[in-house]
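Hi,

Here is the structure I promised to pass on. Have a look at it first, and my notes follow below.

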Amino acid sequence: MVGIAFIEKLLNLDEAMRYRIVTCGEEMHLAYNRVALTDYFQHRSVEKLYLNQADWYAKQDSERFMFYTGEQVISLDPAAHTVTTSKGRTIKYDYCVLATGSVSTLPPYIPPERAAKMQGVFVYRNISDLDSILAYADKDGVKGGKTVVIGGGLLGLEAAKAVYDLETIAKVSIVNRQAYPLSRQLDEEGGEIVLRRIENMGVEVLTNITVKDITTADDGTFSGLEMSDGRHVDAQMVIYAIGITPRDDLGRAAGLKCHEKGGIVVDDSLKTSAEDVFAIGECASWRGNTYGLIAPGVEMADILSFNFTQTETSIGGFKSRQMNAPDLSTKLKLMGVDVASFGDYFVDKNLDRRHTKKSTASVEVTAPSTSTPLSWNQTNGNKPKPVWEIKEDQSGGLKGTIITTEAETAADEKSKSGHAKKKQDAFEGPIESLTYRDPFSFVYKKYIFSADGKYLLGGMMVGDTSDYVKLVALVKKKKLIEVPPSQFILGVEKKGEDEGADLDDDTQICNCHNVLKGTIAQCIKDGVDTISDLKAKTKVGTGCGGCIPLVTNIFKAEMKKAGHALNNNLCPHFAMSRQELFTVVKLRHLKTFTEVMESVGVNKDSVGCEICKPAIGSILSSLYNEHVMNPVHHANQDTNDRYMANIQRNGTFSVIPRVAAGEITPEKLIVLGQVAKKCKCIQQRIDLFGAKKQDLPDIWEELIAAGFESGHAYGKALRTVKSCVGTTWCRYGIGDSVGLAIELEERYKGIRSPHKLKGGVSGCVRECAEAQSKDFGLIATDKGWNVFLAGNGGSNPRHATLFATDVPPSKVIRIIDRFLMYYIRTADKLMRTARWVEQFEGGIERLKKILLDDELGICAELEKEMDELVGTYYDEWAAVVKDLTRRKQFRQFVNTDESSPQMEMIQERNQTRPANWPKTFPPAKLHVSNIRTPKSEWKWREVAATEDLMPTRAGTTSAAVKYGDSQLAIFHIPKRGYYATQQMCPHKRAFVLDHGIVGDDPNGNVYISCPLHKRNYKLDNGECLNDNNYSIIAFDVKEENGKLSLLLPQPDELDAVIGTSKWMVRKATAEVVERGGGDALEIAEVRDEADVDVSAGSGCTGNNCGGGKLMDW
């Protein structure tokens, strides 16, 4: 079994096809499952036990794998690097792996020559043994007789159950030298439960007794047993299951070093004493131990196949794996009883840690006779702290040696972190046990904890083993327990409350606008039935937006409570979810927003909105990855994607080039500094802040020349893959975290998704890259990479979930491919991976079945889609830099090369930054009536050429123009014409409206959505649709002979109302507003550059607004 496990793993991991495998098997059968030998008695078909059916072997490439059955290797020549088989075949090798297994042990009173002559004496080891047992049990004189099984361990009970089920055997007895069966897995109480269950089946169990010899009839046929107490037990057949002996004869004959107790000696990398010869499984002796369980053998196969294939890969190197003390946890069904043991299940027997006595005397420590040698961090039962260390001698045995004084130990402990010290004390200190015993149901559970109840150390289970997998994982990870230990026995009541549903009504949900939970609930009772209407009514989520996930959960809970039907429609324009829309777009091969609207939109002539446009833009990018500035896509993008940089609060942008894994050259750092200095940007780490829109192409051009490319920090896309220095520099490094992080970032860069993505790669368990707080994270272990998924920081942080453990480096990328592609397919709009997993039906366990076990059969399809998407990558910055037409779209104003500052810049820490916003701006409504000259006296004034807006039937376009000191925004909407408004959004005094998304509501009102905080203003009259505290001025537009004209007053009159210098936020603005200047403001005339005359009244149109107060902006 271990041999075929190694072959499968090597074939699977050897993607570079470096190896050709030749294997020889002694038996005529293909590799079969020895653990399931008992089943053979039922079906008598060895094919049903095959680990791989014959067609699997037939499908293998003979250039990679050749196998011979019924052909035993009889000699090994390490010097010549050859082996010779029983059929005279000589095979030359580069590496030889011995997986010869073991043979069943017979007692001293049955030497090999006696066993060969005797009938009725059997062992329980292979198919041949079972065939012999079946044939003998059917003989006259044996049929209907009694069989005795010697041995009450795992194998003994397996054999007993097998013959118990045979119709030809009337009676079964078990002889066990201990007081109860399974003494290596269970304590007395657990063993007693198993004993009673076996006896209830009618099986006789003789305990605390041994066999002195066997007796035979005159013809040499087995007739019974002579027992140590003098009695004779009559029987017709005996099966010995008293242990195994490693098959090391091939190694011994070849001169390989073997242990005196049996087994070919191997080091931590499973190398034997001969060059290029390795041994795994039951034939290998590691640190003086051999293992008869399948799990340690498979672990050896894992290690060796990993070291052959994964230490040098295309995604970086990895530290060779080494053998560690294996996990001896077991879970089996024996004699119809489920039995399991896990962790250090005899910790309370091996070391008496309940009572400690301080001593400073030097002591010689004798190693206990357990299968696992003592290590440096195991504590002497007579001392509260370790003052000694067990070391291996040259022969692989153990001896106790004093190596430190208490003072040295204390100094060492002082250097440890508090958490690490507490954890070590927990594992080495006193213990407590929880025990549950139900003799009526034959159930027994014993769980052993650290004395503080924070860590599970081990345990055993009889009858009910349903929690086995969960508990083994807790022990292996040494994970802190977050629930009372009693819950492991008694369980916990499942509350099932939706997040937020049990909050009090006076709980503040939105800190920005002080919205209480009760307010949300009341709105729903009053008829509000959409999140967008709830936002308009309460302003909840319209500030920073961090409360939206909680608001959504409360909204759903309150809608359900009120008896309202919930829908997950994308928005009023599409009566389907994002997941459904993604599928439709993919299957119908729709490639533009217009095609999508005409195909599945509620109203085929709708413009869309700030919700569906970016969502569909993301879907189209995820499927086809065409440039976001293409005319058919540009109108769908939020401001960041539209200009491929992150808009900041003063209307400038940040430029963040990609620096994969954080690895950067000095030359590139110098260029970043030079560009920042030239463009007067503020530099934070490698990010350049304060870049003007019109300067972006020039900045990108210089960065691209230095070897940079877009970092996509502006998009709902992969941002970064953070890395520690890994094996490149770190003394603790196990995996090449930098190399893998670069590979991942290079692979997924530019891929659009429902929300931003971040990754992390840590080269060891010290986790310096914080991979467990990322959408996908990898942490190197000594066995491969642990894959963590769906973590995030932010306002509602989530620790990533361990998704797959010990993944070989060559397999890591495919798991992440599947995860990301499935997330892109199925997540809702603007949903982080954390929320997606939390709301995914079936949760993370369901995802494991889909993405690891391929339960839906879509893994290959997901991988193919990701390969195709990755293959469409191009640098979006470079595409703009090379295109003069696209560069024109970055002008601040299309009618002049002049520029206007958006905010006053102040000095701080030797750099400039925009002045502070007030904590809250007062409301501001601007009307045509605020302008001194009536509209009837305004004149048409040419402000731009039609081509400046680059109008297209594929989507909306926009541009800004400068008129005096005022900034105006012009919009073109296909089939509806041109519109114009002021450029400033009064909510935050930001001159950004031409950057926003144009949409329409179900009533046909066309509006512009401010890119900063999504205030939606009607384009025909400036009314704010979702916040009645604000309004803007709209202007008439006409097109003639390729020219665009606006109906406007004189420049100075317009400047008096919406001039840039009047509304630009300055250093003094926050002080004045927070002092109480202005409340429910309406704008009147402006006295000079620094003063605004305002009134709390309405309809202020004259030179004096009566009762007004002077306000220094």
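This is a predicted model: local features need pLDDT of at least 70, side-chain atom pairs count only at pLDDT 80 or more; totals for chains, interfaces and linings use all residues.

Take Tyr 95 and Phe 308: their rings make a tilted pair, 5.1 Å centre to centre with 55° between the planes. Tyr 95 is in the loop between β5 and β6 and Phe 308 is in helix α9, so this pair ties together parts that lie 213 residues apart in sequence. Tyr 95 counts as partly exposed, at 41% relative accessibility, while Phe 308 has 9% and counts as buried.

Then there's Phe 318 with Trp 785, an edge-to-face pair at 5.2 Å centre to centre and 75° between the planes. This one also links distant parts of the chain, with Phe 318 in the loop between β21 and β22 and Trp 785 in strand β38, 467 residues apart. Both Phe 318 and Trp 785 are buried.

Back to Tyr 95 and Phe 308: ring pairs join them with Phe 6, Tyr 19 and Phe 278 in a cluster.

Lys 591 puts its charged end over the ring of Tyr 624, 5.0 Å from the centre, and Arg 649 lies over the face of Trp 917, 5.5 Å from the ring centre.

Lastly, helix α30. Its buried residues include Cys 859, Leu 862, Met 866 and Leu 869. Among the elements covering the buried residues are α18, α20 and α29.

Cheers

How values were computed. Residues are numbered from 1 along each chain as its sequence is written. Side-chain values use heavy atoms; hydrogens and water are left out. Buried means under 20% relative accessible area, exposed over 50%, partly exposed in between (1.4 Å probe, protein chains only). Helices (H or I, at least four residues) and strands (E, at least two) are DSSP runs, numbered from the N terminus. Contact means heavy atoms within 4.5 Å. Rings of Phe, Tyr and Trp (its six-membered ring) pair if their centres lie within 6.5 Å; planes under 30 degrees apart count as stacked, over 60 as edge-to-face and the rest as tilted. A charge sits over a ring if NZ of Lys or CZ of Arg is within 6 Å of the ring centre and within 35 degrees of the ring normal.
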